Amino acid sequence: MHRRLACVFLILPLGACQGWQSALDTHGPAASALEALFWTFLSVLGFVWVLTMGAVALSLRRRRPEGEDPLVTNPRRESRMGWTISGAVALTVVTVLTLTGLSYASQKHLFEKRDDVLTIKVTGHQWWWQVDYEDSQADKRFTTANEIHIPVGEPVLLKLESSDVIHSFWVPSLTGKMDLIPGRQNTLQIQADREGSYRGQCAEFCGWQHAHMGMLIVARPKAEFDGWRDNQIRDATAPQTDERKRGEQIFFSKPCVMCHQVRGTSAGGKVAPDLTHVGSRQYIAAGTLPTTRGNIAAWIVDPQSIKPGAQMPVIKIEPDELDPLVSYLEGLK
Amino acid sequence: MNRIVAPAGIFLLLVLGACEREERAFRADPIATETEEKIALVPLSPGSGPPVEHRTGKGKEYEDNAYHVAQGKRLYTWFNCNGCHSNGGGGSGPPLMDDRWIYGGQIENIVQTIREGRPNGMPSFRGKVPDDQIWELAAYVRSMSGNVAKDVAPGRNDDMHPRPAENREPDSPPVAGGSIPPSAEMPQ
Ligand SMILES: [Cu+2]
């Protein structure tokens, strides 16, 4: 029974070897370099460990007979011992130097940077990510939140900043960690070699909802990415149905506009996620809930029971206002 | 022996203090709308005695709670109060860190100022800022002139300090008076 339980526990960690947020299932040069290092270190050091344990076991079994006179020396044995120990020390030095060299060589992938590539500014807030796509042309810049789309197979430069406390940007399948520090800008280059969605997570404790500060990186072929970007650049389209028109009115008459922006309307708040295309994102509240009608409604009615402490207050909404408001938000594609 | 055990015991008892911490009220009552404060803006009233007022006491809940005051400080810039009042020294709006108040410096008066607006250019935030956040803002405004406890007032800025931190402000109990900066005065 105990043994079976132990086996189950040993198997559980294997789950970490695959998935959309795993440092052992990598799809970018930086993360792959890290993964290669991980396996190299694991095998070399594992081998050394087995060797050492073997030597310890051997020396326990083949003790020197007791009663030997310590003053009587055996020059041949002493020289054997000398050679063995120097050999072990030399091997240790070689191992350490090799591993250091390998780590050093990996930095080429980890810190490689080009500045002629797509540049995105990521700003950490308690507890969500603001994402600003930069461009030399003003009409190609736009803002979104918590979901970063990138063209597959191309390097992308991230400029990391923070508006409050230290956060850390970590997408295990694509890159190592990099901190977002108030008052300075760090940069990190990422690249996805395979199409797909990769989950990221804040990796520096930043307060109550640190655990609910996730994000999504979506890598798509260049053409699809361009289509997505053209749509994101656009202002919100005016609502067509009566229900959504009413929802828009409700949105404008509530505190929502103090914090949120919907481009193309008078809602100009800049301190919370941009909602211009919130309906097109896969998750709301920084990877906490999938974007569905029910979840949007649940969030608006009571954000504080979903993410206690989050910087969105409970706002009084009349029962008949909820449906139109949700339709309005859901339709912001 | 006792010379060690007794102080150690006291020390351990002190540690118990860490078991209780300040309540953080994240979730305001979703049903409640506006608090029913009844505040007069003048000391005069017909008949004998001052005007009839009613203060619910809710103000203390906010003024005595560091979390609320800190939230108020964040909202002060989020909702652009600093656009008109600067960091408390005043701009097109009157200074908030001095002891002079046009419309009264009690927390209930400040709540009223924020919620209703004031005729010479102070916007009304009714319906645009939930009630509990108005109270948080008002509690923070009080801390700017040293009118909340030192251990409750914000201690330092995360960025540049334009002035001493709120918990280092000298106490300045409210005095009636205050003046509207000429830039904000309505053309007559
Ligand atoms: Cu965090």
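Author: In this predicted model, eight residue pairs are in polar contact across the interface of domain 1 of chain A and domain 2 of chain A, both residues of each pair being at pLDDT 80 or more.

Reader: Which elements of domain 1 of chain A give two or more residues to the side that touches domain 2 of chain A?

Author: They are β3 (142–145), β9 (196–202) and β10 (214–220) of chain A. The largest share comes from β3(A), with four residues. By class, this side of domain 1 of chain A holds eight nonpolar, eight polar and two charged residues.

Reader: How many salt bridges are counted between domain 1 of chain A and domain 2 of chain A?

Author: The count is zero. A salt bridge would require a side-chain nitrogen of Lys or Arg within 4 Å of a carboxyl oxygen of Asp or Glu.

Reader: What are the bounds of the two domains in chain A, and how far apart are their C-alpha centres?

Author: Domain 1 spans 118–221 and domain 2 spans 242–330 of chain A. Their C-alpha centres lie 22 Å apart. In the contact, 18 residues of domain 1 of chain A meet 19 residues of domain 2 of chain A. The two domains bury about 1400 Å² between them, 52% of it on carbon and sulfur atoms.

Reader: Why is the pair Asp302(A) and Arg27(B) called a salt bridge?

Author: The closest N and O atoms of Asp302(A) and Arg27(B) are 2.6 Å apart. The cut-off is 4 Å between a side-chain nitrogen of Lys or Arg and a carboxyl oxygen of Asp or Glu. The pair therefore qualifies as a salt bridge. The count between chain A and chain B is one salt bridge.

Reader: Which elements of chain A give two or more residues to the side that touches chain B?

Author: These are α5 (242–253), α6 (256–259) and α8 (303–306) of chain A. The largest share, three residues, comes from α6(A). By class, this side of chain A has 11 nonpolar, five polar and four charged residues.

Reader: What area do chain A and chain B bury between them?

Author: The two chains bury about 1600 Å², with 64% of it on carbon and sulfur atoms. Met258(A), Gln311(A) and Lys316(A) supply 33% of the area that chain A buries against chain B, more than any other three residues. The contact takes 20 residues from chain A and 21 residues from chain B.

Notes: Residues numbered from 1 in each chain as written. Chains lettered and ligands numbered in written order. Predicted model: local features only at pLDDT ≥ 70, side-chain atom pairs only at ≥ 80, totals over all residues. Heavy atoms only, no water. Contact = heavy atoms within 4.5 Å. Buried area = accessible area lost by both parts, 1.4 Å probe. Nonpolar A, V, L, I, M, F, W, Y, C, P; charged D, E, K, R; others polar. Domains from an automatic or database assignment. Polar contact = N/O pair within 3.5 Å; in protein donor to acceptor, adjacent residues only side chain to side chain.
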